[in-house]
Amino acid sequence: TTRDDVLFYTICTFVGTLLPVLLNPVFGFWQGRRSTKELFIFDALATGYGFLMMAVASDRWVFFAGYCLSKISLCQ
């Protein structure tokens, strides 16, 4: 592995841990103001699209964006 690989996986791990902490209040506010069904549909679509992006990614930053989208289900 190279230093760039280690940096990339460190960023993924850090963001994967931090993303639910930052987005939990946003989704809590959304769930308090709007329909819960709307939130769960968004959650399922965003998570599915994130896994699809991770599966077909040819660039590591596209993989990273998919990884961030796949973590949305942890934000509720």
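Predicted model: local features only at pLDDT ≥ 70, side-chain atom pairs only at ≥ 80, totals over all residues.
Author: Residues are numbered from 1 along each chain as its sequence is written, and side-chain values use heavy atoms, with hydrogens and water left out.

Reader: Why are helix 1 and helix 3 called roughly parallel?

Author: Helix 1 (residues 3-33) and helix 3 (residues 60-70) pack at an angle of about 15 degrees, with axes 10 Å apart. Angles under 35 degrees count as roughly parallel, and the two helices are therefore roughly parallel to each other.

Reader: What makes Asp5 and Arg60 a salt bridge?

Author: The term requires a side-chain nitrogen of Lys or Arg within 4 Å of a carboxyl oxygen of Asp or Glu. The side chains of Asp5 and Arg60 meet at 2.6 Å, N to O, and form a salt bridge. Asp5 lies in helix 1 and Arg60 in helix 3, 55 residues apart.

Reader: Which residue forms a salt bridge with Arg34?

Author: Arg34 pairs with Glu38, their closest N and O atoms being 2.9 Å apart. By this rule the count comes to two salt bridges.

Reader: Why is Arg60 called partly exposed?

Author: Buried means under 20% relative accessible area, exposed over 50%, and partly exposed in between (1.4 Å probe, protein chains only). Arg60 has 30% relative accessibility and therefore counts as partly exposed. Arg34, at 49%, is partly exposed, and Glu38, at 29%, is also partly exposed.

Methods:
Axes fitted to C-alpha atoms, helices over the stretch in contact; angles between N-to-C directions. Helix = DSSP H or I, 4+ residues; strand = E, 2+ residues; numbered from the N terminus. Parallel < 35°, antiparallel > 145°, perpendicular 65-115°, else oblique.
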